[in-house]
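Q: Please take a close look at one helix and the sheet beside it. Walk me through what surrounds them.

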Amino acid sequence: MFTHVATYDGPIAALNAVKELGRTVDYRVVPRAIFSSPTLAAVGLTEEEARTQGYEVKVGSVPAVGGRATAMGDTRGRLKAIVKADDGQILGFHILAPHGDDLLHEAVAAMYDHGTIDRIARSIHVHPTLSELVKAAARAAR
């Protein structure tokens, strides 16, 4: 599907073949990006997919407007976090914003171990940075 997925899959497949480790791949956390302007990046489920799969969700959606984006002269876009309503587990994160492909990785890392939105919402972000937009979407989803 993507070069980065093959790079992730390859070592796992090799170790399983040689050492019979029985490791599995978690495709739930595969990030994807479209290098448009602004960049569209996502991981996990969309809001519609989550609801269709029976999840009760909370959604945090914020415009891509912050100190750094304003200084850069590019406040186009939006960030959206989809989380389980009962425990805050991140089900999906979607970014349409400048450098959205880079911003997405914070959500990917949090999702990897079934993390909650609080991991992002409560962490300290340097100001002014674009990553503050990720925190704002996380806070909006709480």
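A: Start with helix α5, residues 105-112. Helix α5 lies across β2 and β5, and runs at about 175° to β5. Here helices (H or I, at least four residues) and strands (E, at least two) are DSSP runs, numbered from the N terminus. Axes are lines fitted to C-alpha atoms, for helices over the stretch in contact, and angles run from 0 to 180 degrees between N-to-C directions. Contact means heavy atoms within 4.5 Å.

This is a predicted model: local features need pLDDT of at least 70, side-chain atom pairs count only at pLDDT 80 or more, and totals for chains, interfaces and linings use all residues. Residues are numbered from 1 along each chain as its sequence is written, and side-chain values use heavy atoms, with hydrogens and water left out.

Now the two strands. β2 (residues 39-44) and β5 (residues 90-97) pair in the antiparallel sense, over six bridges. Two strands pair if DSSP finds at least two bridges between them. T39 stands opposite A97 in β5.

Next, the whole sheet. It is open, with five strands in the order β1-β2-β5-β4-β3 and antiparallel pairing. β1 (32-34) and β3 (57-63) stand at the edges, each with a single partner strand, so one side of each has no neighbour in the sheet. The twist averages 10° from one strand to the next.

Helix α7 (residues 131-140) lies across β3, β4 (78-84) and β5, at about 145° to β3.

Finally, D101 sits in helix α4 (residues 100-103). Leaving aside neighbours within four places in sequence, D101 is in contact with A33, F35, T39 and A41.
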